[in-house]
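Hi,

Here is the structure I promised to pass on. Have a look at it first, and then read my notes below.

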Amino acid sequence: MKIQLIFNPHAGRGRGMKAYPEIRKRLQEAGHDVIPHRTIYRFHATEIVKSLNLYETDIILSVGGDGTLFEVINGLMNNPGKKIPPVGVIPVGTGNSFVKDLKIFNLEDGIKAVNRNISRPVDIISFTTENSLYYFVNNLGFGFVADVSVTSEPMKKRGLGMTAYAMGVLVEISRLKSHELTLEIDGQIYHHNANFCYFCNSVWVAGNMMISPESILDDGEMEIMVLNSVTRRDLLKTFPKVFKGTHLSHPNVIVYKGKHVKASTKPEKFCNPEGEIFGVTPLEAKVLPSALKFCTLE
C-alpha cells in the first residue's frame, strides 16, 4: 500500500520525532510504500494533506496526538479530490483520546491497524466559528473545559503532560463562573445557565476521561453535554467521576442528541476543538454521517 505518513515531531513532548524512524522502518518492512511528511508549524498538516493527490494514496497516516489528527482531518475535508482514503492513526501525543474508540492504545496497536487494513466509517462534525469552517472527529468544548485548556497549555509546554491538565482543572475550579447558554438543537431551543458545554462524537477526552460514554462514532448524531451551574465544591467532588463516565448521573449534567446545533453564550467563550485553543462562540455544528473511514482494531 502507498501510505502518506504525516508526523508531528513535537507530539508527546518529542515522542513523535523519536518514534518516526521505527514506524517508517516497520511499515516499509511490511511491504508498504511510505511517503513521509514532517510538520513544522501549526496547521502545516492541514496544508500538506489538502495538497496531496489522494487518487495515488491508500492510507493517510497521522503520527501524533489529537491535535495532529485534527489538522489531518481538516486537510482531507478540504482536499479537492473526490476519493478519500482511510485514515490510520499511530498515537504518540499527550492525550490520544479519539483512537481509544478504535481500540488503538499505543504505537504497536497503530501499526497493527494499518497492516490489518480494515477500516470502519466514522461521522465527522463540521463547525463554523468566526465565519470560518472547520471539522472535528472527537469533541469540541467551551466554557470551563476550554478555560482549563487555556490555563494548562503553558504547563504542558514545560513538560508536565497530563499533570498539566489536572492542575488546570484545579486552577479553573478556584475561579469558576457560569455563563448564559442558548442551544438550538435540530430546531428546538434550550436555555441554560452553564459552566460548560461539550459537543461529543466519541467517548474520551484528555486521554483518560470518559466525558461521553454513550457516544457512538457512526450513529449520525452528536451528544451535546451541558453542565448547569454548580458550586466549586460540587464540581470538585464530581470531577473524579469523569474517569469512569459516572458523572452523567449528576442532576446538573444534561445530555442532548442532535444532528445540527447552534450555540451562543453571554459572554462569548473560547472553544477547544480536539484540545486545540481557537475560535469563540457563537458557533454552529453539523454531523456529516460516515464522512471518513478509519483503520481500526475493534
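Which residue in β4 does Val63 stand opposite? Val63 faces Ile90 there.

Before the rest, a word on the source: this is a predicted model, where local features need pLDDT of at least 70 and side-chain atom pairs count only at pLDDT 80 or more, while totals for chains, interfaces and linings use all residues. Residues are numbered from 1 along each chain as its sequence is written, and side-chain values use heavy atoms, with hydrogens and water left out.

Now to strand β3, residues 59-64 (strands, E, of at least two residues and helices, H or I, of at least four are DSSP runs, numbered from the N terminus). In β3, 6 of 6 residues are buried (under 20% relative accessible area, 1.4 Å probe, protein chains only). Ile59, Leu61 and Val63 point one way, and Ile60, Ser62 and Gly64 the other. In a regular strand, side chains alternate between the two faces of the sheet.

β3 pairs (at least two DSSP bridges) in the parallel sense with β1, residues 2-7, over 5 bridges, and Gln4 has Ile60 as its bridge partner. Another 5 bridges join β3 to β4, residues 87-91, also in parallel.

Leaving aside neighbours within four places in sequence, Ile23 is in contact (heavy atoms within 4.5 Å) with Leu5, Val63, Ile90, Leu107 and Ile111.

Cheers

Notes:
Buried < 20%, exposed > 50% of the residue type's maximum accessible area, 1.4 Å probe, protein only.
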